[in-house]
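Please go through the metal sites of this model with me, in short questions and answers.

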Amino acid sequence: MFKAIGYAAQSATAPLAPMTFERRTPRADDVALEVLFCGVCHSDIHQARNEWGFASYPLMPGHEIVGKVTSVGADVSKYKVGDIVGVGCLVDSCRTCEACEANLEQYCLEGPTQTYASRDRVDGTLTMGGYSNAMVVSERFVVRIPEKLDLASAAPILCAGITTYSPLKHFGVKPGDKVGVLGMGGLGHMGIKFAKAMGAEVTLFTRSQAKAEEGRRQGADHVIVSTNENEMKDAAGRFDFLLDTIPVQHDLNPYLNTLRFDGVHILVGLIEPIDPPVHAFNLVAKRRVIAGSMIGGLAETQEVLDFCAEHDITCDIEMLDINNINEAFERVVKGDVKYRFVIDMKTLKA
Ligand code: ZN
Ligand code: ZN
């Protein structure tokens with residue numbers, strides 16, 4: 001074991017505060033890394049405040065981690081000391097079930113081990129995330145950061161990036177497809193970039209006219225203001241895919257109406273009941289599909305990093321001093337960040 005330091009919440013109502021703790025001595029297949037940058041995901045806030053009801057404390061968030069390898073276990077073959085690597089939302093899974101065999105560790109039938117607030121499969125200790133100076137993770141759950149990428153803005157690709165890339169790939173978005181992106185926060189602005197890079201014609205759906213200009217700057221070909229009924233009606237039957245990044249309950253019916261037959265409405269932001277209810281006719285009459293998708297497996301997480309390097313895609317970020325993490329949480333809740341805070345771990349004093 002070795003001493004580490006990080007920022008953690010001691011309860012659902014406590015702000016994040018510095019905490020010293022112990023990281024395990026690397027096992028044979030483990031990589032130890034010095035954390036350089038860690039993105040701030042909205043999930044970090046939901047979990048720190050136990051808003052999903054399954055948090056465990058102390059809770060040290062952070063699952064958009066970029067770091068430098070400091071040591072490796074005896075059996076590690078993929079990485080060596082000094083390599084720049086990433087860790088996303090998962091640090092382990094059963095590794096043998098149907099989903100794991102298919103490189104879909106995020107859908108592990110036994111439930112994957114999350115990067116934080118989860119139980120380590122070997123020793124039962126609580127996993128602690130990347131708001132810390134060091135991590136120890138099995139090499140199977142570590143990815144390589146391509147040299148071409150800026151390290152700080154690469155961090156959010158490990159959650160916000162893979163979350164939007166994976167469904168676009170899975171459902172086969174191809175050149176010429178008409179893709180609508182709903183919402184333009186951390187996820188939405190990445191979704192626009194990926195759909196464009198895949199050759200799609202991309203439309204941002206946003207509630208506010210004020211975001212229209214910014215949507216185009218991010219690469220959207222068109223913008224539809226969703227609060228404008230006429231614009232929504234004019235869009236009827238036009239889209240092949242909707243990538244829905246809206247994290248709060250909203251009426252899906254007007255959006256479904258914009259899909260052509262066989263169109264797919266993909267939920268990546270919502271993890272609450274759909275309310276108001278979806279009218280079945282909106283699906284039945286056009287063989288439309290509502291789908292959900294959650295992050296991606298390790299192979300695909302490596303793929304999205306390589307895709308970003310190839311297509312010059314990065315996340316728009318605001319650098320954060322970890323001492324201001326609680327203020328940053330408030331700003332994320334208000335949607336007041338373009339588009340992701342990334343903690344510069346040099347600001348964490350041991
Ligand atoms: Zn996340
Ligand atoms: Zn599994």
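Q: What spacing do the donors of the zinc ion (ligand 2) follow along the chain?
A: This is a predicted model: local features need pLDDT of at least 70, side-chain atom pairs count only at pLDDT 80 or more, and totals for chains, interfaces and linings use all residues. Residues are numbered from 1 along each chain as written, chains are lettered from A and ligands numbered from 1 in the order written, and side-chain values use heavy atoms, without hydrogens and water. Donors are N, O and S atoms within 2.8 Å of the metal (3.2 Å for Na, K and Ca); water is not among the atoms, so sites may look incomplete. Here the spacing is C-x2-C-x2-C-x7-C.

Q: What arrangement do the four donor atoms around the zinc ion (ligand 2) make?
A: Cys-94, Cys-97, Cys-100 and Cys-108 each give SG, 2.3 to 2.4 Å from the ion. Four donors count as tetrahedral if all angles lie between 85 and 135 degrees. The angles here are 105 to 119°, so the arrangement is tetrahedral.

Q: Which residues coordinate the zinc ion (ligand 1)?
A: The donors follow the spacing C-x21-H-x95-C. Their distances are 2.0 to 2.2 Å, and they are Cys-41 (SG), His-63 (NE2) and Cys-159 (SG).

Q: Is Cys-41 buried or exposed?
A: Buried means under 20% relative accessible area, exposed over 50%, partly exposed in between (1.4 Å probe, protein chains only). Cys-159, at 7%, is buried. Cys-41 has a relative accessible area of 5%, so Cys-41 is buried.

Notes. Tetrahedral: all angles 85-135°; square planar, octahedral: opposite > 155°, others 65-115°.
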